[in-house]
Amino acid sequence: MGVAERRSIRSCMTRPSRSQKITIGVFVFLFILYNLTPYDSRPRSFLRFQHNVIQDYYQNSLPSDSWLFKPQPYPIDPVNDVGIIVKTGFGTRNRVSKAVRALSDESFFADTIVVQDFPLFEDQKNFTMDNGKEVPIVDIIGWSLEQGGLKGQEQHERVMKYTTMSEAIEGEEWMLADAIGKNMGWELDAMKFIPSLEYMWQTMPKKKWYVMADDDTYIIKSSLALVLGHLDPAKPQLIGNPVGDYKGRFPHGGSSVIMSGAALSKLYDQHPEVVAEAHEESTTAIWGDKLLSTTFMKIGVYLDETYRRLFNGEPPWMTRMWADRFCLPLVSFHGLGRDDAMLHVGETFKKMTEPVFWRQLGKIYGAPAFSSFVAEPIRPNVDYVGRLDEYSTTIDKVTEVDECVKICQERSTSCLAWTFDPSRQQCHYARWAILGDPADGRFSGINGQAAEKLESSCHSV
């Protein structure tokens with residue numbers, strides 16, 4: 001090749017501009033920074049947070065359930081492959097029997113333990129599920145002290161509160177024990193997360209998946225089994241309903257937290273020094289679920305927010321059936337600690353063998369069918385929007401209910417349900433619908449056409 005030809009080729013090749021060089025340099029710098037900084041560093045956390053924001057936007061704009069109906073690459077035996085931890089405290093101890101009974105009402109009986117933050121009563125016995133399977137009860141803070149997990153922390157204020165409450169229980173000083181349990185319960189709860197998983201890992205180490213839930217949380221196990229069959233248990237995974245800022249995203253404990261056996265193995269078998277740090281931090285941590293997440297972050301296991309839409313932090317009657325969740329399975333309910341709410345939910349989902357999807361909640365609880373709102377869009381004395389917040393929209397100076405209906409229909413991508421308050425001349429609408437709250441004097445409805453369109457986009461159950 002001659003000189004002229006080489007010059008001709010060079011002239012055809014465009015050199016990167018200054019702006020392109022800067023862009024490439026920034027990406028290279030961020031890549032190096034991400035890989036050189038500690039797993040729990042702020043730069044890593046910030047970049048992951050931005051990735052999750054983009055992913056969430058995509059899932060919200062283009063929801064899809066197709067992955068659920070492909071063959072399960074990792075099928076599970078729910079009875080033997082899943083371990084469930086139910087957390088309780090002295091102030092909420094009366095909930096546990098109802099929670100265990102509700103969990104007994106479904107079609108399979110996973111190995112379950114109850115962990116509490118106070119000593120067992122003399123007459124306190126293990127629970128028994130309907131199939132005869134025993135559910136052990138463990139004073140997990142006492143166990144952690146015996147195992148040396150809190151070595152050197154025995155005189156810490158929070159540990160002393162546990163000791164004082166324990167002594168009050170043994171001395172039958174119930175008023176003192178109740179006061180500590182109710183006023184300091186959140187502090188003791190933060191100390192339960194790390195040792196509870198450690199105990200579970202030591203006593204049931206061969207589970208593919210571990211689930212941690214509160215004593216007012218209900219797990220729809222048929223939905224859980226569907227989801228887990230698509231996830232690799234040999235990969236360290238932490239899954240849940242994300243809350244918090246980028247510095248420490250963590251799964252909301254009340255919605256339940258799912259961890260793979262590989263994640264627990266990596267933490268407890270390979271990083272005892274990180275476990276020791278977590279035990280010490282539990283004496284000052286505000287939220288145990290955040291401590292759990294930041295502990296996993298130290299070993300490179302991050303909260304996977306891909307499945308955030310499967311989890312629910314509300315009881316059924318307050319649950320928001322979001323438009324972007326219509327086609328997805330519903331894994332949990334929370335806030336079932338009052339009266340017999342847990343038993344009612346357990347009875348409702350009793351012997352349910354098929355997964356439950358968000359869009360089915362109305363049918364399960366006898367709410368009007370979405371299609372009925374096409375011919376009869378307005379319902380008096382009810383509210384299908386529910387609690388208002390930054391995700392709902394309120395329009396003032398709306399004087400007629402028909403005007404509110406029109407507003408919703410014109411905003412079909414952002415309005416699934418609407419409520420008209422004539423006394424305040426306000427129209428509220430949102431991208432979700434609830435089962436329907438009694439609301440005297442108000443008018444409400446569901447965007448029937450939008451709901452039917454969403455339903456038709458879902459795969460057949």
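**Threonine 394 and its sheet**

Author: Threonine 394 lies in strand 16 (residues 393–396). Strands here are DSSP E runs of at least two residues and helices are H or I runs of at least four, both numbered from the N terminus. This is a predicted model, in which local features need pLDDT of at least 70 and side-chain atom pairs count only at pLDDT 80 or more, while totals for chains, interfaces and linings use all residues. Residues are numbered from 1 along each chain as its sequence is written, and side-chain values use heavy atoms, with hydrogens and water left out.

Reader: Is threonine 394 buried, exposed or partly exposed?

Author: Partly exposed, because its relative accessible area is 36%. Buried means under 20%, exposed means over 50%, and partly exposed is in between, with a 1.4 Å probe and protein chains only.

Reader: Which residues does threonine 394 touch?

Author: Leaving out residues up to four places away in sequence, threonine 394 touches Leu388, Gln426, Cys427 and His428. Contact means heavy atoms within 4.5 Å.

Reader: And how far is threonine 394 from phenylalanine 420?

Author: The C-alpha atoms of threonine 394 and phenylalanine 420 are 9.7 Å apart in space, and the two residues are 26 apart in sequence.

Reader: What is the strand order of the five-strand sheet?

Author: The order is 15-20-17-18-16, in an open sheet with antiparallel pairing. Strand 15 and strand 16 are the edge strands, each pairing on one side only. From one strand to the next the twist averages 40°. Two strands pair if DSSP finds at least two bridges between them.

Reader: How many bridges join strand 17 to strand 18?

Author: Five, between residues 417–421 of strand 17 and residues 426–430 of strand 18, which run antiparallel. Aspartate 421 has glutamine 426 of strand 18 as its bridge partner.

Reader: Which strands does helix 18 touch?

Author: Helix 18 (residues 401–410) packs on that sheet and touches strand 16, strand 17, strand 18 and strand 20 (437–446). The direction of helix 18 makes about 155° with that of strand 17. Axes are lines fitted to C-alpha atoms, for helices over the stretch in contact, and angles run from 0 to 180 degrees between N-to-C directions.

Reader: Next, the positive phi angles. Where is asparagine 381?

Author: Asparagine 381 is in strand 15 (residues 379–383). Its phi is positive, about 60°, although asparagine 381 is not a glycine. Asparagine 381 counts as partly exposed, at 41% relative accessibility.

Reader: And where does glutamate 172 sit?

Author: Glutamate 172 is in the loop between helix 7 (157–170) and helix 8 (174–183). Glutamate 172 has a positive phi of about 60° and is not a glycine either. At 57% relative accessibility, glutamate 172 counts as exposed.

Reader: What angle do helix 5 and helix 15 make?

Author: Helix 5 (residues 96–103) and helix 15 (residues 341–348) pack at about 5°, with their axes 8 Å apart. The two are therefore roughly parallel. Helix 5 contributes Lys98, Ala99, Arg101 and Ala102 to the contact, and helix 15 contributes Met342, Leu343 and Gly346. Angles under 35 degrees count as roughly parallel, over 145 as roughly antiparallel, 65 to 115 as roughly perpendicular and the rest as oblique.

Reader: How many residues of helix 10 are buried?

Author: Nine of the 11 residues of helix 10 (residues 193–203) are buried, so the helix is largely enclosed by the rest of the structure. Among the buried residues are Phe193, Leu197, Glu198 and Trp201.

Reader: Last one: what are the totals for the chain?

Author: The chain has 19 helices and 20 strands. Of its 461 residues, 49% count as buried. Among contacts between residues at least 6 apart in sequence, 74% join residues at least 24 apart.
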